[in-house]
Amino acid sequence: MFAARRAFTSALQTRAFSASARDLSKVTVLGAAGGIGQPLSLLLKLNPRVTDLALYDIRLAPGVAADISHINTKSKVTGYEPTPSGLDAALKGAEIVLIPAGVPRKPGMTRDDLFNTNASIVRDLAKAAAKSSPNANILVISNPVNSTVPIVAEVFKKAGVYNPKRLFGVTTLDVVRASRFVSELKGTDPVDENITVVGGHSGVTIVPLFSQSSHPDLVGNAALLKRVQFGGDEVVQAKDGAGSATLSMAMAGARFAESLLKAAQGQKGVIEPTFVESPLYKDQGIDFFASKVELGPNGAEKILEVGKLAPEEEKLLEACLADLKKGVSFVAQNPGN
Ligand SMILES: NC(=O)C1=CN([C@@H]2O[C@H](COP(=O)(O)OP(=O)(O)OC[C@H]3O[C@@H](n4cnc5c(N)ncnc54)[C@H](O)[C@@H]3O)[C@@H](O)[C@H]2O)C=CC1
Ligand SMILES: O=C([O-])CC(=O)C(=O)O
């Protein structure tokens, strides 16, 4: 009788524990007062899977948090002071840490031109994350993503807490753009356009695979390819010195965070292209590569092969790999330590 009751109680406790573990998701945004950070924080506040939203920036995070906290969804929002202890408290217990901290491009700049400023910003935030949220999923948005992601890996390795399954460069905006541009050409709903984009996140390293979509006829469409590879430049030019994509990036970052949360909470078959430490081209000296990744409770559960490509896409991939290799030596020469 007692045993049966204990078993029942323990089953209830287990349920209660897993339910609360499932329901409690702290998400931290570093750079939360910026052009991306503010709308990203807003979208995360609207996500019922997020229960605790922690906002940190070197300026204005408490103000942004006060504003967002009035939105009538259940999550708690806290803005942290720009101090080491504020940063540590923002990170403690986080399941996901999104990093859009750093400077954006101006017309005439490449993403690599941001390296000197953003590498040290990302490095310092990564040091704090390695200390205060070593098990969190780290989502790097700050450019140049092809280089800032390896920097985070190095910091985590040095701290002895690196888990490659939990480090992601956010390339979702390339996927979002590709599906939107295709839908504009084809007169379809972008929701139905799943375009895989592999490689990295700048210029020729962005490789959309139209042969694997429902529109293989788009392989070889030079204007479309240019828009996908250089969509970021389109926005930088249109903003004319006032920054780069912020609103579409916020949506893309919120979508990737939502995918991770869904997968962590047990949904199967959640797949997103993302820039991760990858075995696919290690034999060519390339440690990080974006391809479709199956997400799960442990982060990046499975890195999918690039698959069969059209001959034109093979050429694009060659150019991508050559550029990513240059990136490797670039990081090695500018470790940002
Ligand atoms: N991965 C992607 O697809 C995309 C990446 N980006 C990149 O995202 C980054 C941010 O862009 P925006 O939000 O437009 O820039 P922004 O200048 O509007 O915002 C950046 C924010 O970072 C904060 N910040 C700077 N140093 C910090 C530190 N040490 N700790 C915490 N916060 C810090 C600033 O105070 C500012 O609020 C840029 O590097 C940009 O190139 C932009 C669009 C797409
Ligand atoms: O172009 C930029 O500098 C910002 C970015 O990464 C994008 O919009 O894809």
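Reader: Which strand does β1 pair with in the parallel sense over three bridges?
Author: Strand β4 (residues 96–99). Pairing needs at least two DSSP bridges between the strands. Strands here are DSSP E runs of at least two residues and helices are H or I runs of at least four, numbered from the N terminus. The model is predicted: local features need pLDDT of at least 70, side-chain atom pairs count only at pLDDT 80 or more, and totals for chains, interfaces and linings use all residues. Residues are numbered from 1 along each chain as its sequence is written, with chains lettered from A and ligands numbered from 1 in the order written.

Reader: What stands opposite T28 in β4?
Author: V97.

Reader: How many bridges join β1 to β2?
Author: Five, and the two strands run parallel. β2 covers residues 52–56. L55 in β2 is the bridge partner of V29.

Reader: Is β1 buried or exposed?
Author: Five of its five residues (26–30) are buried, so the strand is largely enclosed by the rest of the structure. Buried means 20 or more other C-beta atoms within 10 Å of a residue's own, with C-beta atoms placed from the backbone.

Reader: Which residues sit on which side of β1?
Author: K26, T28 and L30 are on one side, V27 and V29 on the other. In a regular strand, side chains alternate between the two faces of the sheet.

Reader: Switching to α5. Which of its residues are buried?
Author: Among them are F115, N118, I121, V122 and L125.

Reader: What do the buried residues of α5 pack against?
Author: β1, α4 (84–91), β4, β5 (137–140) and α6 (145–158). Contact means C-beta atoms, placed from the backbone, within 7 Å.

Technical notes. A residue is buried if 20 or more other C-beta atoms lie within 10 Å of its own, exposed if 12 or fewer, and partly exposed in between; C-beta atoms are placed from the backbone. Two residues are in contact if their C-beta atoms, placed from the backbone, lie within 7 Å.
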